[in-house]
4 protein chains.
Amino acid sequence: MINVGIVGATGYTGVELLRLLANHPEVSLQIITSRSESGKAVSELFPNLRGHIDLNFNEPDIEQLSACDVVFFATPHCVAMAMVPELIKRGTRVIDLSADFRLQDATQWEQWYNMPHSCPELLPQAIYGLPEVNREAIRNAQLIAVPGCYPTATQLGFLPLLEQGIIDPMHLIADAKSGVSGAGRKASIGSLLAESSENMTAYAVAGHRHLPEIEQGLRAACKQDVNLTFVPHLTPMIRGIHATLYGKLTKSIDLQALFEQRYADEPFVDVLPAGSHPETRSVRGSNICRIAIHQPQQSDTVVVLSVIDNLVKGASGQAVQNMNIMFGFDESLAINGIAVLP
Amino acid sequence: MINVGIVGATGYTGVELLRLLANHPEVSLQIITSRSESGKAVSELFPNLRGHIDLNFNEPDIEQLSACDVVFFATPHCVAMAMVPELIKRGTRVIDLSADFRLQDATQWEQWYNMPHSCPELLPQAIYGLPEVNREAIRNAQLIAVPGCYPTATQLGFLPLLEQGIIDPMHLIADAKSGVSGAGRKASIGSLLAESSENMTAYAVAGHRHLPEIEQGLRAACKQDVNLTFVPHLTPMIRGIHATLYGKLTKSIDLQALFEQRYADEPFVDVLPAGSHPETRSVRGSNICRIAIHQPQQSDTVVVLSVIDNLVKGASGQAVQNMNIMFGFDESLAINGIAVLP
Amino acid sequence: MINVGIVGATGYTGVELLRLLANHPEVSLQIITSRSESGKAVSELFPNLRGHIDLNFNEPDIEQLSACDVVFFATPHCVAMAMVPELIKRGTRVIDLSADFRLQDATQWEQWYNMPHSCPELLPQAIYGLPEVNREAIRNAQLIAVPGCYPTATQLGFLPLLEQGIIDPMHLIADAKSGVSGAGRKASIGSLLAESSENMTAYAVAGHRHLPEIEQGLRAACKQDVNLTFVPHLTPMIRGIHATLYGKLTKSIDLQALFEQRYADEPFVDVLPAGSHPETRSVRGSNICRIAIHQPQQSDTVVVLSVIDNLVKGASGQAVQNMNIMFGFDESLAINGIAVLP
Amino acid sequence: MINVGIVGATGYTGVELLRLLANHPEVSLQIITSRSESGKAVSELFPNLRGHIDLNFNEPDIEQLSACDVVFFATPHCVAMAMVPELIKRGTRVIDLSADFRLQDATQWEQWYNMPHSCPELLPQAIYGLPEVNREAIRNAQLIAVPGCYPTATQLGFLPLLEQGIIDPMHLIADAKSGVSGAGRKASIGSLLAESSENMTAYAVAGHRHLPEIEQGLRAACKQDVNLTFVPHLTPMIRGIHATLYGKLTKSIDLQALFEQRYADEPFVDVLPAGSHPETRSVRGSNICRIAIHQPQQSDTVVVLSVIDNLVKGASGQAVQNMNIMFGFDESLAINGIAVLP
């Protein structure tokens with residue numbers, strides 16, 4: 001049993017983290033912080049947690065947090081980096097769901113987030129928490145940067161192809177569709193049901209903050225420079241990401257076998273039979289990434305379909321998966337729930 | 001560990017039952033039947049179950065079924081009553097999610113379902129599986145009739161008032177709103193997204209088959225005749241029932257206390273604080289019924305708001321709750337999952 | 001051709017008013033005001049208007065507004081009452097879509113809106129713009145208070161019954177379901193798609209501001225006091241109100257004939273054949289109110305189903321209907337569009 | 001005033017055609033046919049048409065149909081080709097919304113539709129009804145093949161680039177997202193709200209029937225062979241197509257100016273300002289195609305975003321646009337309605 005703290009659990013990744021941890025048999029939730037909701041019962045904000053979590057939100061307190069074995073940050077960017085150095089110094093392990101430690105290059109981070117990074121010295125020791133790539137490093141990590149939602153779906157779809165060098169890394173396209181929970185639990189006109197329901201739109205085509213994160217991961221996979229055109233879209237549903245990935249094949253190979261072998265031992269990547277079309281609802285509420293591979297008309301364009309629940313494998317579920325690895329628990333503990341369908 | 005069979009698991013209550021039973025530590029799924037899908041892998045029809053259930057659908061076989069400790073029927077009406085007598089004779093316990101054994105009066109059943117009942121002799125021993133009313137009888141039941149979705153939400157909301165005789169049983173109104181999964185997994189134009197999304201409509205105002213079932217339960221609660229106006233509506237969402245109940249108060253009483261006391265020991269009924277408005281999403285995927293009580297403008301009209309997930313507390317979750325009671329398991333085993341929110 | 005100004009056209013009733021007026025053959029749009037968006041092209045905020053409306057938002061200017069034949073207010077409450085007295089003084093006619101002039105009793109207004117009314121002296125001359133009740137008064141009105149959305153659907157459903165004195169006015173129930181555009185185009189967490197989609201909930205059961213407005217109208221219809229239990233619900237769709245109305249019959253009468261006769265000459269009230277269930281989508285984008293009447297199980301409870309598009313017959317369409325009457329145009333001009341279905 | 005007949009108006013393109021034609025000042029609807037609904041009032045099937053269309057469905061009758069000036073076919077494929085030859089022989093003009101005459105190569109048609117084409121001799125005179133390409137040929141056409149929904153959005157987005165030869169025609173990608181009304185008004189489990197809501201999925205990646213139609217149009221535009229990877233997706237909304245198009249630039253050019261000039265005189269193509277993201281809701285119910293052009297990170301990949309309402313510009317609106325051109329009416333007559341937003 002480990003003691004766990006959560007900083008900033010008032011957003012969607014926060015409530016999802018609470019849903020998963022509330023039933024985790026090795027976790028004792030010690031403190032859940034929120035400056036804005038301090039004093040309020042967690043279950044008052046999130047009535048689905050009534051009867052499952054009895055804690056109140058507290059002001060973040062470094063003493064209480066550092067007494068935990070691990071602290072999750074489910075905060076907007078720039079919050080974690082203000083507290084993480086002290087926690088690390090005190091020996092508390094940190095799993096950060098925000099973007100603060102995802103990019104290894106501080107300059108690049110500052111360019112995309114328009115502000116200075118307050119602890120670039122920690123970037124080298126931050127482990128990018130994609131277990132399918134970094135499982136061994138995660139075991140002993142003190143600081144985990146949980147991948148973003150788009151980056152998870154996109155990297156898992158491209159990795160087998162790039163690792164084997166069978167597509168041109170300079171001509172990658174990721175056309176990604178996300179449910180609106182990806183925009184977070186914050187008041188904004190564009191995310192109102194009356195605005196985003198019965199509607200489909202691309203956004204941030206000129207440049208989305210997940211682009212450098214994805215490119216960093218893809219570069220590492222193929223060990224050379226990459227060029228990705230990344231077009232995110234908003235689709236009128238709450239949860240789910242559907243990434244449709246296009247690559248230009250440079251070699252002929254059994255693509256289905258390649259993916260099946262690459263992910264044979266992965267508990268949370270499910271390669272569907274040839275000819276399949278994964279549905280986001282088949283992973284709703286679950287930590288699974290389902291993938292299908294197509295080569296339409298036998299042309300030289302490979303199409304990979306990759307779906308996740310943006311709040312689970314794309315955020316909180318993956319965070320718990322990291323925690324399970326870090327503390328030697330069964331990797332699937334508390335995150336092997338079955339998708340709720342329909 | 002008990003052996004379990006399921007007849008007719010190709011609908012929404014079927015897949016939900018499989019989701020719940022797949023992770024039940026005391027259940028060994030032996031056979032899942034479907035005439036139409038016989039031979040197909042269950043996970044091919046329901047991809048959320050990939051990796052969790054490895055069985056194929058089979059033709060229903062009385063030998064295999066009767067070898068189980070309990071058999072669930074997740075079938076349209078008229079299927080269970082053709083097989084149940086033989087199973088009962090052989091000592092297999094039965095939990096029927098369909099309507100076949102819900103009404104104790106065979107004549108009434110035949111009138112509402114427009115066909116003869118093939119085993120009216122079993123009706124007296126069928127236990128109506130609403131644990132909040134019949135828990136003791138359920139323990140030793142051999143045949144359980146799982147309540148319908150509307151009847152569950154409506155009865156749990158009216159029961160405390162009628163049991164205490166504080167509303168006029170001859171002037172009850174239930175205005176109920178259901179997600180479209182209530183119509184079942186069958187091809188019909190009216191349930192297409194293009195027809196039922198961005199739309200709200202009442203239906204079957206002249207008479208819905210759940211009306212006699214509800215009235216039967218309410219009569220039992222107040223031990224006198226009742227008169228209910230029941231208006232079901234279709235609301236553009238997948239899961240959830242919101243029952244808004246109106247009663248005419250005949251006595252003055254602390255309504256909040258009444259409900260809190262009535263359900264104090266119930267694991268799956270949650271009475272919200274005074275002034276609350278329960279949301280169906282707060283029970284999505286969970287077995288909870290959440291209730292709030294209002295008396296607007298202090299008039300003599302009491303308003304009860306009662307929400308459930310129609311596929312869980314309104315069907316498959318309640319079926320498992322019955323099974324847990326029947327076999328002496330913890331009543332919450334495998335059905336204490338937290339609602340997926342958002 | 002008349003000159004028209006609009007104050008505050010940045011919300012949903014505003015854009016709907018612009019959609020209707022842009023194609024009105026007798027209207028010349030002179031000025032559209034918004035403090036917050038001043039200077040911006042109207043079509044930049046509302047891209048559906050590109051190519052149809054070339055005006056920019058302006059600061060409200062009393063000179064320009066009073067030069068119009070009529071000025072619409074599509075503003076939150078308390079805005080119109082600050083400008084209307086001056087416009088009225090200068091002879092400009094006003095159609096106010098907000099709540100400022102709907103209640104004839106200033107004290108009651110102040111109680112429900114928690115602020116003083118700045119021009120109670122205008123209340124006696126404000127005409128409540130429900131053409132089915134006040135058509136003659138509307139013709140010569142200088143100040144129109146356009147009814148709220150719930151009040152329109154509810155009054156049109158109850159009026160025939162109350163006018164003829166065949167239901168008990170002291171036991172009225174209105175269970176109303178609204179799409180989320182009713183909450184307006186303003187950032188709020190509760191109206192996010194991620195919060196309000198796949199969800200159904202009641203709200204404001206203790207008291208909604210439309211309650212006194214509805215009661216005022218019903219009192220006028222039956223010329224005696226009324227008691228209404230009004231429970232509004234949020235349903236996961238953009239547009240539409242479905243009001244389910246319950247009354248206790250005190251006389252036996254042909255209800256279908258009653259409604260058909262009452263609305264025989266009304267261009268925008270459509271009484272459906274007996275046994276029907278109106279769908280909100282059948283009026284989406286149109287100015288029609290569709291009504292069906294039921295008497296389930298021949299009990300003494302009458303059920304009226306009344307649907308409107310909350311932004312058209314419940315707001316902007318009704319406002320234009322008032323304008324057409326005021327200026328002697330064909331009452332249907334520019335508002336006889338057919339509902340967009342599916 | 002022309003006499004118009006419609007064959008097969010019981011689907012979504014049918015009801016949309018009726019909505020548009022009901023208010024067309026130059027059209028007199030003479031006959032609306034449906035074998036399955038013969039005798040029923042059109043407004044009984046489509047209640048939005050109550051008060052606007054008083055006809056009943058009839059059996060198709062060649063005498064009545066050939067007495068019309070023009071007959072629309074809003075039928076599944078293979079229906080039109082059985083009746084069109086006789087109508088053409090009798091001098092009746094035909095506008096076919098189905099796929100029967102879209103492909104000029106009968107062999108290719110038979111390969112994609114798995115059946116023989118019964119009147120290949122008419123294919124050479126069938127005009128592909130995309131006014132932005134074939135306006136002059138449409139004027140005198142006797143037989144119009146109305147383009148499919150995906151083909152309309154995709155061709156309008158690619159045309160300027162291919163006509164000017166500035167992208168590589170052998171590496172085209174169209175990632176298209178459609179609302180579920182594209183699947184038609186027919187009972188199918190996959191299109192149920194409970195299946196397709198809260199879900200995103202690709203389909204028919206191996207080959208969709210619109211692929212050869214699109215390629216045919218693109219080949220004509222660039223006068224050489226093309227290679228298109230076309231991936232359609234189902235998105236949880238009723239109406240709308242969002243086509244995200246990717247091309248590899250072979251020349252440097254002012255893309256914004258190119259598109260603005262190409263469509264400067266087109267009444268139904270709206271090129272948005274640079275940097276825009278068109279929303280499908282901005283064209284909901286309207287005949288407009290809105291387009292935006294991006295060149296992310298100044299790479300050699302151009303991204304075109306093209307949105308239409310699949311039932312209007314993608315079907316019935318475009319059909320009426322063709323009719324207007326054929327009969328010398330104002331091209332926008334009865335189809336210049338403004339999108340309903342929100």
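I started with helix 4 (residues 80–89) of chain A, which lies across strand 1 (2–7), strand 4, strand 5 and strand 7 (143–145) of chain A. Helix 4 of chain A runs at about 160° to strand 5 of chain A. Helix 11 (residues 312–326) of chain A also packs on the sheet, touching strand 4, strand 5 and strand 7 of chain A. Its direction makes about 155° with that of strand 5 of chain A. Angles run from 0 to 180 degrees between N-to-C directions, with axes fitted to C-alpha atoms, for helices over the stretch in contact. Helices (H or I, at least four residues) and strands (E, at least two) are DSSP runs, numbered from the N terminus.

The model is predicted; local features need pLDDT of at least 70, side-chain atom pairs pLDDT 80 or more, while totals for chains, interfaces and linings use all residues. Residues are numbered from 1 along each chain as its sequence is written, with chains lettered from A and ligands numbered from 1 in the order written.

Next, the sheet. I read an open sheet of seven strands in chain A, order 3-2-1-4-5-7-6, with parallel pairing (at least two DSSP bridges between two strands). Strand 3 (57–58) and strand 6 (127–128) of chain A each have a single partner strand, so one side of each lacks a neighbour in the sheet. Four bridges join strand 4 (residues 70–73) to strand 5 (residues 93–96) of chain A. A:Phe72 stands opposite A:Ile95.

Then I checked the contact between chains A and D: 40 residues from each (C-beta atoms, placed from the backbone, within 7 Å). Elements giving two or more residues on the chain A side include strand 8 (172–178) and strand 14 (301–308).

Conventions: Two residues are in contact if their C-beta atoms, placed from the backbone, lie within 7 Å.
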